[in-house]
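Here is a friendly walk through one structure, written for someone who likes to check numbers against coordinates. Keep your viewer open as you read.

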Amino acid sequence: MNAPPTVDHLQAEFGLTGIVHFEPGEGGLICARVRTRHAQAVIYLHGAHVTRFVTGGRDLLFLSEKSHYQADTPIRGGVPICFPWFGPHATDSSAPMHGLARTRQFAVESVAARDDDVEITLRLRPGQPIGDAWPLGVTLRHRIVIGSSLEMNLEVENASGAPFGFEEALHTYFAVNDIHRVEVSGLDNTEYLDKTDGMNRKKQVGPVRFTGETDRVYLATPATTTIHDGECDIEIATDHADATVVWNPWIAKAAAMPDFGDDEWQRMVCVETANCGRHAVNLPDGMTHTMTARLSLK
Ligand code: TA6
């Protein structure tokens, strides 16, 4: 298997002067720093992980000050990619939470500047099957467009010779001023599974508000939700995503996470764009599925 490219090689092949710069980031992990007319962003090759997206003077993403930056651990915050399963593995309790992609280094497939936007495509194509969860011939691409909004396209290409079933999520951590003042609209009258209450099925009435640990998988969700934090609104527009996961660990769970500050629960909320559970994808051989989330400051 070829050695991963060096920072210098990546900068020489894909760098764009004054726009995209590849460099060692936290923990020596390689990242791309992106600067456009409308926004700045940071994207790690580790997990194809967007860790920052700053526009209108505000970073839309939360990044834990306690996050680890090492090859075998996901970065805490930003936009972790959950693939090819969401949550615990269905049968293997020793398998990592949220799948395999967020702790693997992606390759840079392309970098392009288009008008005021930058598009970076990162690719993960294991050289051999990973268990039976990721057969040979399945390629995962993360096509990220940095513009006045952050557009993330998670593309699964199946050339394995057989149908491929998977779950996926863009597990986005949003920065908010105070979770007690946050409302998430767009999920009214939607059914959800309450993971804090034995996965009981419930119906959302009005906007989602936060008064304790919140961990819900909303089903058959509308394409757009909006986070209101009292100072600004963040719109999440999606394509080909049938589930939305809403999570805040609150006090006890925050204290139990070594890579998360004890008080950081007050300044974040996860609103995740997903296809999981009954909305898992079954992709025929020869087909490609793309799930999109577009984050905009309103
Ligand atoms: O998306 C919500 C969730 O599944 C929570 O149950 C919690 O486990 C969270 O993801 C974070 O998971 P992680 O493996 O990143 O610590």
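The report below goes from the overall fold to the ligand site, and then to a few individual residues.

## Overall picture

Before anything else, please keep in mind that this is a predicted model. The secondary structure of the chain comes to 24 strands and 2 helices. Along the principal axes, the C-alpha atoms fill a box of roughly 50 × 45 × 35 Å. How does the radius of gyration of the chain agree with that of a compact globule? A compact globule with 298 residues would have a radius of gyration near 19 Å, and the chain has 18 Å, so the two agree.

Of the 298 residues, 54% count as buried. Among contacts in the chain with a separation of 6 or more, 61% are between residues 24 or more positions apart. The chain exposes about 12900 Å², and carbon and sulfur atoms supply 48% of that area.

## The ligand site

Which residues are found around the ligand? They are Arg76, Phe86, Met97, His98, Arg102, His171, Lys195, Asp215, Val245, Trp247 and Glu272. Sorted by class, this shell has 5 charged, 4 nonpolar and 2 polar residues.

For His98, an N or O atom of the side chain is 3.0 Å from an oxygen atom of the ligand. For His171, an N or O atom of the side chain is likewise 3.0 Å from a ligand oxygen atom. Glu272 has a polar side-chain atom that lies 2.8 Å from an oxygen atom of the ligand. Taken alone, the ligand exposes 390 Å², and the protein buries 84% of that.

## Asp215, a member of the shell

Asp215 is one of the residues around the ligand, and its place in the chain is strand 18. Is Asp215 buried or exposed? At 13% relative accessibility, Asp215 counts as buried, because the cut-off is under 20%.

Leaving out residues up to four places away in sequence, Asp215 touches Leu193, Asp194, Lys195, Thr196, Val245, Val246 and Trp247. Lys195, Val245 and Trp247 are also listed around the ligand.

Thr292 is found in strand 24, which covers residues 288-297. With a relative accessible area of 5%, Thr292 is buried. Its side chain is joined to that of Asn153 by a polar contact of 2.7 Å. Not counting residues up to four places away in sequence, Thr292 touches Glu151, Met152, Asn153, Ala237, Thr238, Asp239 and Thr273.

Thr238 is buried, with a relative accessible area of 12%. Leaving aside neighbours within four places in sequence, Thr238 is in contact with Pro222, Ala223, Thr273, Thr292 and Ala293. Thr238 and Met291 are 53 residues apart along the chain, and their C-alpha atoms are separated by 7.5 Å.

## Backbone details in the loops

Where does a cis peptide bond occur? One joins Phe83 and Pro84, with omega at about 0 degrees. Pro84 is found in the loop between strand 6 (81-82) and strand 7 (107-114).

Ala48 lies in the loop between strand 3 (39-44) and strand 4 (49-55), whereas Ala220 is found in the loop between strand 18 (214-219) and strand 19 (224-228). What about their burial? Ala48 counts as buried, at 0% relative accessibility, while Ala220 is exposed, with a relative accessible area of 51%.

Key:
Residues are numbered from 1 along each chain as its sequence is written. This is a predicted model: local features need pLDDT of at least 70, side-chain atom pairs count only at pLDDT 80 or more; totals for chains, interfaces and linings use all residues. Side-chain values use heavy atoms; hydrogens and water are left out. A residue is near a molecule or strand if one of its heavy atoms lies within 4 Å of it. A polar contact is a pair of N or O atoms within 3.5 Å; within protein, one must be able to donate a hydrogen and the other to accept it, and residues adjacent in sequence count only if both atoms are side-chain atoms. Accessible areas come from the Shrake-Rupley method with a 1.4 Å probe; for residues, only the protein chains shown count as cover. Ala, Val, Leu, Ile, Met, Phe, Trp, Tyr, Cys and Pro count as nonpolar, Asp, Glu, Lys and Arg as charged, and the others, Gly among them, as polar. Helices (H or I, at least four residues) and strands (E, at least two) are DSSP runs, numbered from the N terminus. The radius of gyration is taken over C-alpha atoms; the globule rule is 2.2 Å times the number of residues to the power 0.38. Buried means under 20% relative accessible area, exposed over 50%, partly exposed in between (1.4 Å probe, protein chains only). Contact means heavy atoms within 4.5 Å.
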